[in-house]
Amino acid sequence: ELEHCIRETAAVVSRTAPQWADRCETPSNKTAFQARHLQGTVGPLYNRYGFGAALWCAFYASAMPHGWPYDYMAPGQFGYSAFMCPETSGGRACTGREQLDKHESEGVPYHGAQKGTYNVEMASPSCALCSRLRSRLGPPPFVVKNPVESDARYVRMRKQWVNQWDVHAFGEWFASAVWPAQRDDPAPFIATIAKYRITNGE
């Protein structure tokens, strides 16, 4: 189901690129547009498996028209090796013989360093789950060719700025998905985000 979510999210990202990538669209409207489209892909996964599974789906399928989010931290890997499956950069040891189990959505503890200065324990996908995703989808991000990659107007915009599809969309989707419960008692939601965070800002 996680693989299906990633494939579906990547398809949505690609299909809607002409709308969200246009830098003439305000960042707030762009993010709201993306969050609405995430509901159809990560929403069912969240309802069945919780926050971690939904976050990993959205993160694996994040894309921009001409590059990937988080290049400023890990060129070409959008933070994947730093935060999601750290064994790819030597951040944890995996044997390659790990087996999937029924508790995969809970994640496993990992002490992740951000930008070389920020260290926090977070719940990342297990070695077995990361290996399964790589074998089925290839290394992330899993992206689908989109209609703006060769569009002259977007190519010109990219030289200056083009809107991104990144984890801001997921953050807005989640806030909307749990509204208004977080207004009455925000503590459980803050604890969940803290457990699975991929950056200290989301």
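**Exercise 1. Are Cys 5 and Cys 57 buried or exposed? Then work out how they are linked.**

Step 1. Cys 5 and Cys 57 are both buried. Here buried means under 20% relative accessible area, exposed means over 50%, and partly exposed is in between, using a 1.4 Å probe and protein chains only.

Before going on, a word on the model: it's predicted, so local features need pLDDT of at least 70 and side-chain atom pairs count only at pLDDT 80 or more, while totals for chains, interfaces and linings use all residues. Residues are numbered from 1 along each chain as its sequence is written, and side-chain values use heavy atoms, with hydrogens and water left out.

Step 2. Now look at the sulfurs: Cys 5 and Cys 57 are joined by a disulfide, with 2.1 Å from S to S. The cut-off for a disulfide is a pair of cysteine sulfur atoms within 2.5 Å.

Step 3. The link of Cys 5 and Cys 57 is left-handed, with -90° about the S-S bond. It connects distant parts of the chain: Cys 5 sits in helix H1 (residues 2-15) and Cys 57 in helix H4 (residues 51-60), 52 residues apart. Helices (H or I, at least four residues) and strands (E, at least two) are DSSP runs, numbered from the N terminus.

**Exercise 2. How many disulfides does a search of the whole structure find? Describe the ones that involve helix H6.**

Step 1. The search turns up three disulfides.

Step 2. Take Cys 85 and Cys 130, whose sulfur atoms are 1.8 Å apart in a disulfide. Cys 85 is in the loop between helix H5 (80-84) and strand S1 (108-114), and Cys 130 is in helix H6 (residues 127-137), so this pair ties together parts 45 residues apart in sequence. Both Cys 85 and Cys 130 are buried, and their link is left-handed, with -85° about the S-S bond.

Step 3. Next come Cys 94 and Cys 127, a disulfide with its sulfur atoms 1.9 Å apart. The torsion about the S-S bond of Cys 94 and Cys 127 is about -70°, so this one is left-handed. Cys 94 lies in the loop between H5 and S1 and Cys 127 lies in helix H6, so the pair ties together parts 33 residues apart in sequence.

Step 4. Check the accessibility: Cys 94 counts as partly exposed because its relative accessibility is 30%, whereas Cys 127 is buried at 14%.

Step 5. Count the bonded cysteines along the chain and you get the pattern 1-2, 3-6, 4-5.

**Exercise 3. Which aromatic pairs does Phe 174 form with Tyr 46 and Phe 189?**

Step 1. The structure holds 10 aromatic pairs. Rings of Phe, Tyr and Trp (its six-membered ring) pair if their centres lie within 6.5 Å; planes under 30 degrees apart are stacked, over 60 edge-to-face, and the rest tilted.

Step 2. Tyr 46 and Phe 174 are edge-to-face, 5.7 Å centre to centre with 80° between the planes. Tyr 46 belongs to helix H3 (residues 27-49) and Phe 174 to helix H8 (residues 167-177), 128 residues apart, so the pair links distant parts of the chain.

Step 3. Phe 174 and Phe 189 also make an edge-to-face pair, at 6.4 Å centre to centre and 65° between the planes. Phe 174 is in helix H8 and Phe 189 in helix H10 (residues 187-196), so this pair ties together parts 15 residues apart in sequence.

Step 4. Phe 174 counts as buried because its relative accessibility is 5%.
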